[in-house]
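Please read the following explanation with the sequence and the model side by side, and look up each place as it is named.

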Amino acid sequence: MSTNLLDLQRRMASAVMQPLTRSLTTRRLGDDGQSNTRAAEQFLKPNSRLTALERLQIYNQQYWYRLFGCMEEDFPGVQAVLGRAAFERLMRAYLEACPSASYSLHNLGARLPEWMRTHPKLTAPRTRLALDMARLEWAHIEAFNAAELPAFTPQAMAALHADTRVRVQPHVRLLQLAYPVDELLLHMGNDADDHCATSNSAAAARKSHSVRRVANQRPQRIHLAVHRQQFQVYYKRLVAEEFVLLTALHHGESLGAALEAAFAKSRLSEPRRAAQVQAVFQTWMKLGWLCPQEKKNSRSKR
Amino acid sequence: MPANRFNGFTDYGVGIGLRVPHYQHIFDKKPVVDWFEIISENYLVDGGRPLHVLDQILERYRVVQHGVALYLGSAQPLNREHLRKLKQLVRRTGTRWLSDHLCWGSVDGRYTHDLLPMPYTLEAARITAQNIRQAQDFLEIPIAVENVSSYAEYHVSEMTEWEFLNEVVERADCGILLDVNNIYVSSRNHSFDPFDYLNSVPAERVAQIHIAGHSKFEKYILDTHDHPVIDPVWKLYARAIARCGPTATLLEWDDNIPSFEEVHREALKANRYLYAGQTASATPQLHATKQPALAGARR
């Protein structure tokens with residue numbers, strides 16, 4: 001590793017990634033309080049048309065345009081909930097705090113929901129609604145790109161017993177939400193057909209006026225599975241017991257333990273519980289949500 | 001000349017970038033296209049539609065992988081996870097060579113997602129060449145490095161960009177993805193003669209050529225891939241073909257993407273130059289014979 005090259009690359013990257021001014025130009029002062037003009041002149045050449053700072057600014061602007069555009073595509077629901085100005089403030093703060101740590105722009109928004117949870121002021125007064133929307137939109141992206149494993153056959157499903165541990169399909173994401181944000185996205189014309197491979201983005205066409213209308217609805221606690229069928233992402237509402245059961249299975253509990261957890265607080269009668277279990281397993285089988293657990297390496301048993 | 005060890009001894013014609021707005025047209029119309037270039041990073045996912053689409057494309061077309069984030073010029077070691085995933089994709093696509101840029105873009109685990117220019121120093125050439133060799137050894141296919149468009153130059157540079165390119169590819173023993181539009185853009189931004197650049201490129205190492213459009217601003221030119229190819233770039237392309245021979249050529253169009261037909265028509269203009277020096281009978285019948293040959297070759 002070269003210290004000279006590394007030092008230059010650190011200085012350039014730091015300059016390129018520094019926030020822009022409100023008028024989308026490079027700041028006069030860097031984070032260290034030093035003149036950016038002088039800093040740029042130290043490692044970049046001017047030419048007859050552009051100063052060193054102006055040349056740096058091309059990269060500085062492109063960095064923010066690219067990343068902001070990506071977040072705008074991936075989180076249109078959050079933008080619709082917050083409005084453009086608040087969304088821009090949120091994104092600027094998020095991208096400053098959580099710059100990309102991946103070779104793929106697909107992962108740029110991975111830390112947004114957690115980061116929003118710890119920075120509620122930036123999304124006030126619609127903090128919880130915006131957070132739920134971010135969680136849903138990120139789950140959508142994950143479901144879009146996740147693996148799909150061979151599901152249990154009906155015969156294998158019939159042979160499951162209380163001690164069996166199963167695996168929930170990797171593309172199934174389970175969310176407990178305080179707002180019906182799935183409806184919000186549907187109102188925005190969130191058609192999975194519009195999702196694309198290059199940007200991994202949510203649908204482009206959004207109807208913010210209808211979002212505003214729905215956004216004013218009261219909170220409503222929902223349980224949601226975000227999943228994929230035939231390469232399209234869908235949202236499926238779950239009843240509370242179903243959600244707990246699926247979550248427990250996802251965490252590696254045995255079927256017996258998961259069923260116990262699911263109905264621990266349930267007011268359903270025993271016959272209705274049995275009927276519900278039968279119904280959800282039939283649905284999950286149709287959807288291919290349950291898969292055999294990966295076989296452990298025999299050497300690890302020693 | 002064009003079929004060389006840096007492009008897997010292939011003789012591909014004119015391709016275009018595989019882009020989402022064209023998926024439906026391609027599946028519905030099944031147009032005859034010599035080959036598609038994919039952006040590798042768009043397919044480094046575990047499942048879902050991107051890989052499903054890719055598999056459908058691979059059933060009918062040749063695909064070459066082009067990367068945007070390997071950052072071969074980085075002072076720090078290459079991302080092993082990235083390389084591992086790239087190798088999986090290489091096995092899936094059967095790409096005969098793989099390209100990425102002669103640039104850097106990440107440091108200390110933070111990614112700019114830009115193609116940042118290299119300082120043209122011997123030290124940078126040595127490190128870049130070492131990275132390319134490592135990647136080539138790991139991926140087990142030839143790598144071609146692409147010259148980038150740039151908007152800035154470093155004080156520490158000790159040589160021209162083309163001298164740097166030569167230094168790197170000789171040290172790494174790798175191929176070149178010669179982007180003639182990038183040469184044009186950089187020549188305007190840095191006031192050099194693009195033919196000086198072109199004439200110094202080691203023709204025997206050119207695995208592939210990129211052509212594209214760009215955007216002009218008052219004080220500089222930006223490589224935007226959102227316009228047709230302009231005449232001065234076609235002239236550079238003609239010169240490149242004259243030096244290298246008929247070489248696999250790819251039109252990049254990544255923004256304000258028009259219809260498939262328009263993009264393909266623009267790309268096929270390259271045929272005017274590709275076989276200009278050959279007799280009609282010697283000119284490959286690209287549209288009539290390439291497809292069946294492809295499917296067999298891939299298997």
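Predicted model: local features only at pLDDT ≥ 70, side-chain atom pairs only at ≥ 80, totals over all residues.

Across the interface of chain B and chain A three salt bridges are found, whereas a search of the whole structure, over all chains, gives 24.

The interface itself can be described by its residues and by its area. In terms of residues, 54 of chain B are in contact with 49 of chain A. The size of an interface is often given as the accessible area lost when the parts come together. For chain B and chain A the buried area is about 4600 Å², and carbon and sulfur atoms give 61% of that area. On the side of chain B, the residues B:Arg49, B:His113 and B:His155 supply 15% of the area that this chain buries against chain A, which is more than any other three residues supply.

Within chain B, helix α2 (residues 49-60) and helix α3 (residues 80-93) pack at an angle of about 35 degrees, with their axes 10 Å apart. From α2(B) the contact draws on B:Leu51, B:Leu54, B:Asp55 and B:Leu58, and from α3(B) on B:Leu89, B:Arg92 and B:Thr93. By class, the residues of this contact of α2(B) with α3(B) comprise four nonpolar, one polar and two charged.

Further along chain B, helix α6 (residues 180-190) packs with helix α8 (residues 231-244) at an angle of about 125 degrees, and their axes are 9 Å apart. Because angles from 65 to 115 degrees count as roughly perpendicular and those over 145 as roughly antiparallel, α6(B) and α8(B) are oblique to each other. The crossing of α6(B) with α8(B) is right-handed. It is B:Val180, B:Asn181 and B:Tyr184 of α6(B) that make the contact with B:Pro232, B:Val233, B:Leu236, B:Tyr237 and B:Ala240 of α8(B). Of the residues in the contact of α6(B) with α8(B), seven are nonpolar, one is polar and none is charged.

In chain A, helix α11 (residues 240-250) and helix α13 (residues 270-287) pack at an angle of about 60 degrees, their axes lying 11 Å apart, and α11(A) and α13(A) are therefore oblique to each other. Here too the crossing, of α11(A) past α13(A), is right-handed. The residues that meet are A:Glu241, A:Glu242, A:Leu245, A:Leu246 and A:Leu249 in α11(A), and A:Gln276, A:Val280, A:Phe281 and A:Trp284 in α13(A). This contact of α11(A) with α13(A) has six nonpolar, one polar and two charged residues.

Two details of the backbone remain. Most residues other than glycine have a negative phi, and most peptide bonds are trans. Yet the peptide bond from A:Ala124 to A:Pro125 is cis, with omega near 5 degrees, and A:Pro125 is placed in the loop between α6 (112-117) and α7 (127-145) of chain A. In chain B, B:Asp173 has a positive phi of about 50 degrees although it is not a glycine, and B:Asp173 sits in the loop between α5 (161-172) and β8 (175-179) of that chain.

Key. Residues numbered from 1 in each chain as written. Chains lettered and ligands numbered in written order. Heavy atoms only, no water. Axes fitted to C-alpha atoms, helices over the stretch in contact; angles between N-to-C directions. Helix = DSSP H or I, 4+ residues; strand = E, 2+ residues; numbered from the N terminus. Parallel < 35°, antiparallel > 145°, perpendicular 65-115°, else oblique. Left-handed = near helix turned anticlockwise from the far one by under 90°. Contact = heavy atoms within 4.5 Å. Nonpolar A, V, L, I, M, F, W, Y, C, P; charged D, E, K, R; others polar. Buried area = accessible area lost by both parts, 1.4 Å probe. Salt bridge = Lys/Arg side-chain N within 4 Å of Asp/Glu carboxyl O.
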